[in-house]
Amino acid sequence: MKDFSKELNFKTSRSSGAGGQNVNKVETAVTVLWFVAESEFFNEYQKELIQTKLKNRINAEGYLFLTVSESRTQLMNKNKAIEKIIEIVNKALIVPKKRVATKPSKGQKQKRLDTKKKISEKKDNRKFKF
C-alpha cells in the first residue's frame, strides 16, 4: 500500500446538507486532485494500469479527483478523502489472476450422467402405464 499523499492537491468548497448556520459560509467539502502522469511513486506500468482502471474518475487534464463532504469539519473530510483516494488507487493496482481453463474429470462426468439417469427414471415412473 503506497502512500502518495504528498502529491495530492486539495480544494475546498461549500458542502451541501446539514450544517445549520455554517452551511452557507464555511467551506467544509474537500476535493482531492492528483495528477497521475507526473507521480514519482509509481512506475509507468502502474500509472497506465491506474489510468485504464480509473478512466471514469480522471478528467481531460489527467487529474484523478474525489470530493468528500461527509463530515461537518474540513479536517475530517480531508482525512477521509486521503484515505479514499489511496484505497481507490491501491485497488486499481491489483491485477487479478488469470483463470486456467480445466476439463471435468471422468468421475465428474460419470456422476453427472448417473444423476441424470436417476432423475429420468424417477420421472418415467410417475407416468401411467397401461
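A salt bridge here is a side-chain nitrogen of Lys or Arg within 4 Å of a carboxyl oxygen of Asp or Glu. The model is predicted: local features need pLDDT of at least 70, side-chain atom pairs count only at pLDDT 80 or more, and totals for chains, interfaces and linings use all residues. Residues are numbered from 1 along each chain as its sequence is written, and side-chain values use heavy atoms, leaving out hydrogens and water.

Select Glu-44 and Lys-47. Their side chains form a salt bridge, 3.5 Å from N to O. Both sit in helix 1, three residues apart, about one turn of the helix. Helices are DSSP runs (H or I, at least four residues), as are strands (E, at least two), numbered from the N terminus. Glu-44 is exposed at 58% relative accessible area, while Lys-47 is buried at 9%. The cut-offs are under 20% for buried, over 50% for exposed and partly exposed in between (1.4 Å probe, protein chains only).

Ser-39 lies in the loop between strand 2 (29–35) and helix 1 (44–53). Ser-39 is buried, at 4% relative accessibility. Beyond its neighbours within four places in sequence, Ser-39 is in contact with Glu-7, Trp-34 and Lys-47; contact means heavy atoms within 4.5 Å.

Next, select Lys-80 and Glu-70. They form a salt bridge, with the closest N and O atoms 3.5 Å apart. Lys-80 is in helix 2, and Glu-70 is in the loop between strand 3 (63–68) and helix 2, ten residues apart. Lys-80 is partly exposed, at 28% relative accessibility.

Finish with Glu-87 and Lys-91. This salt bridge also has its closest N and O atoms 3.5 Å apart.
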